[in-house]
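Biologist: Please take me through this structure one question at a time, and give the cut-offs behind each term when it first comes up.

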Amino acid sequence: MALRLGDLLLKAQLITQDQLNKALEEQRSLGGRLGEVLLRLGYVSEEDIIECLSHQFGVPSINLRHFEIDEAVAKLVPVDLLRKYNVIPVNKTGATLTVAMADPTNIFAMDEITFMTGYRVEPVVASEEAIRAAIDRHFGSSREIELKKVMEDLSQVDEAALELLEESEDIDLHRLEEESSEAPVVRLVNIILTDAIKRGASDIHIEPYEKVFRVRYRIDGILNEVMTPPLRLKDAIVSRVKILSKLDIAEKRLPQDGRIKLKVKVEGKARDLDFRVSTLPTLFGEKVVLRLLDKENLQLDLTKLGFEKSSLKRFEDAILKPYGMVLVTGPTGSGKTNTLYSALSRINTPTVNILTAEDPVEFQLPGINQVQMKDNIGLNFAAALRSFLRQDPNIVLVGEIRDFETAEIAVKAALTGHLVLSTLHTNDAPSTVSRLMNMGIEPFLVATSVNVIAAQRLVRRICSQCKEETEAPVQALLSVGFSEAEAPTLRLYHGRGCERCNGTGYKGRVGLFEVMELTEDIRELILSGATAVELRRKAIEEGMITLRQSGLQKIRDGVTTIDEVVRETVL
């Protein structure tokens with residue numbers, strides 16, 4: 001069916017041959033049905049696919065999102081069979097059962113439903129995603145069913161075997177290991193890890209408090225509570241995570257860092273999961289945070305990160321220079337690593353030697369020599385950078401400039417024929433200059449070594465599934481930075497909230513960028529001791545788009561909302 005669908009959409013001129021080739025390539029690498037891949041890439045809508053299939057097979061179509069299925073009709077067919085064939089009954093008239101199917105040519109599915117129910121099956125076409133959502137609505141998602149069963153099993157686990165250990169020097173290691181290997185505990189931890197992937201979470205927070213034990217996911221930058229396991233299981237669950245990440249389960253007084261690598265099946269596809277694990281002793285037990293490193297979500301195309309055209313040109317020009325420094329700044333979780341990896345992918349060719357010093361190495365990039373920092377044996381950014389310069393590099397990436405020593409070596413490398421990429425924690429691009437000088441770097445070295453500084457933030461995208469036009473008071477638009485001429489005519493959008501975005505109205509994130517190129521005039525201002533405010537004013541005169549202006553452009557384009565831009569930027 002996949003090829004027929006592709007050919008059909010091509011014939012209907014809903015996609016191009018190039019788009020079909022890209023979708024087939026992604027399908028080969030990631031799996032899944034072609035229809036799902038085309039939807040994910042944004043090449044077609046659900047309506048396009050339904051219409052094409054309906055026309056192809058001469059079968060009526062149905063939009064399940066706007067159709068209420070009677071509970072009794074939905075349950076005429078066992079849920080296992082519905083999930084097996086991805087179908088759902090939508091109506092019963094006499095001896096005829098109307099069934100929504102993604103593939104109305106699937107005779108095996110129709111025969112089995114007829115055999116199970118005794119009704120004659122009449123197929124109608126619906127999208128795969130809509131059918132799955134309808135099944136989950138009537139029977140609960142497969143995750144919820146599994147979680148309910150795990151919780152029931154946990155309630156039957158012997159209380160005595162899982163009683164909380166007292167905080168003392170005397171830790172019963174055997175008891176801890178037994179608790180963490182209880183089957184329900186193992187399954188619960190597996191559900192937490194795989195569910196985070198399905199929901200698109202970037203971090204998992206496992207948090208013990210005095211009277212509650214909760215699990216939260218950070219989705220699109222916002223924390224959401226997803227479950228509250230029994231409090232008595234906190235040691236067992238934390239120990240299970242520590243065993244997976246090869247940490248010392250007996251050490252509860254000190255923070256620990258580790259990594260989990262798993263191969264699991266998520267929605268029928270084999271996935272390599274990689275989690276960065278951090279434990280922290282708190283008042284009521286150990287808090288665990290797992291950062292999900294999902295290679296499939298790594299976007300390495302600079303043009304898709306959210307740069308405005310002029311900002312992207314300045315940034316690309318800087319990374320294509322043979323030497324100098326390119327700095328990316330912003331708070332933790334603002335996408336700096338992704339931007340640097342995208343820059344490296346842009347300039348990574350067989351003719352250059354690229355070395356990176358990272359803490360930690362988040363993703364392995366082919367053709368790039370990546371070094372993991374190990375402070376406990378003296379391998380820090382400064383030590384690595386010194387060694388790099390003896391390795392004949394063309395391009396060097398330093399994960400973060402934290403101190404004078406690292407900054408000094410990075411500046412010297414940039415001045416001696418190397419392209420140096422790194423990050424700093426500052427609020428905007430101009431204040432990065434002041435930060436380097438506060439570290440002890442001389443103004444003339446900053447002015448001559450730095451090519452460009454890019455500050456960035458991440459804001460949530462409006463969900464494309466439930467996006468609709470909305471209104472805002474003109475005064476509110478003026479207060480965020482729109483002009484009096486533009487504010488009254490501006491078209492605004494927001495997400496109504498749907499199943500795809502878990503009712504939030506947002507799905508995915510996009511970057512806001514402020515790219516300051518160090519031109520001759522700005523270099524002269526740095527040498528004369530100008531403040532960050534003066535540098536900012538000059539950069540804007542020369543065409544720099546600020547973070548707020550980048551946000552306003554995303555609002556104009558219907559990509560995000562005023563609330564998101566105000567949350568992440570200042571005027």
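## Sheets, helices and single residues

Biologist: In what order do the three strands of the open sheet stand?

Modeller: This is a predicted model, in which local features need pLDDT of at least 70, side-chain atom pairs count only at pLDDT 80 or more, and totals for chains, interfaces and linings use all residues. Residues are numbered from 1 along each chain as its sequence is written, and side-chain values use heavy atoms, with hydrogens and water left out. Strands (E, at least two residues) and helices (H or I, at least four) are DSSP runs numbered from the N terminus, and two strands pair if DSSP finds at least two bridges between them. The pairing in this open sheet is mixed, and the order is β1-β2-β3.

Biologist: Which residue in β3 stands opposite Met101?

Modeller: Strand β2 (residues 96–101) runs antiparallel to β1 over six bridges, and Met101 is there the bridge partner of Val87. Towards β3 the pairing of β2 is parallel, again with six bridges. On that side, the residue opposite Met101 is Val125.

Biologist: What is the handedness of the unit made by β2, α7 and β3?

Modeller: Helix α7 (residues 107–117) lies across β1, β2 and β3 at about 140° to β2, while helix α8 (residues 128–139) lies across β1 and β2 at about 75° to β1. A crossover is right-handed if, with the strands pointing away from the viewer, the path from the first strand over the helix to the second runs clockwise. By that criterion, the β-α-β unit of β2, α7 and β3 is right-handed.

Biologist: In the open sheet of seven strands, which strands stand at the edges?

Modeller: The pairing in this sheet is mixed, and its order is β12-β11-β13-β14-β10-β15-β18. Two of its strands have a single partner each, so one side of each is left without a neighbour in the sheet, and these are β12 (369–372) and β18 (506–517).

Biologist: What angle does the direction of helix α17 make with that of β14?

Modeller: Strand β13 (residues 395–398) runs parallel to strand β14 (residues 419–424) through four bridges, with Leu397 opposite Leu421. Helix α14 (residues 336–347) packs on the sheet and touches several strands, including β14, with a direction at about 170° to that of β14 (contact here means heavy atoms within 4.5 Å). Helix α17 (residues 430–439) also packs on the sheet, touching β10, β14, β15 and β18, and its direction makes with that of β14 an angle of about 95°.

Biologist: Is α20 roughly parallel or roughly antiparallel to α21?

Modeller: The axes of α20 (residues 520–527) and α21 (residues 532–541) come within 10 Å and cross at roughly 170°. Angles under 35 degrees count as roughly parallel, over 145 as roughly antiparallel, 65 to 115 as roughly perpendicular and the rest as oblique. The crossing angle therefore makes α20, relative to α21, roughly antiparallel.

Biologist: How many residues in the contact of α20 with α21 are charged?

Modeller: Asp521, Ile522, Leu525 and Ile526 in α20 meet Glu534, Leu535, Lys538 and Ala539 in α21. Ala, Val, Leu, Ile, Met, Phe, Trp, Tyr, Cys and Pro count as nonpolar, Asp, Glu, Lys and Arg as charged, and the others, Gly among them, as polar. The division is five nonpolar, no polar, and, for the charged class, three.

Biologist: Is Asn86 buried or exposed?

Modeller: Asn86 lies in the loop between α6 (79–85) and β1, and its phi is near 55°, a positive value in a residue other than glycine. Buried means under 20% relative accessible area, exposed over 50%, and partly exposed in between (1.4 Å probe, protein chains only). Because its relative accessible area is 12%, Asn86 is buried.

Biologist: What distance separates the C-alpha atoms of Asn502 and Arg199?

Modeller: Asn502 belongs to the loop between β17 (492–495) and β18, and is exposed, with a relative accessible area of 52%. Asn502 and Arg199 are 303 residues apart along the chain, and their C-alpha atoms are separated by 9.0 Å.

Key:
Axes are lines fitted to C-alpha atoms, for helices over the stretch in contact, and angles run from 0 to 180 degrees between N-to-C directions.
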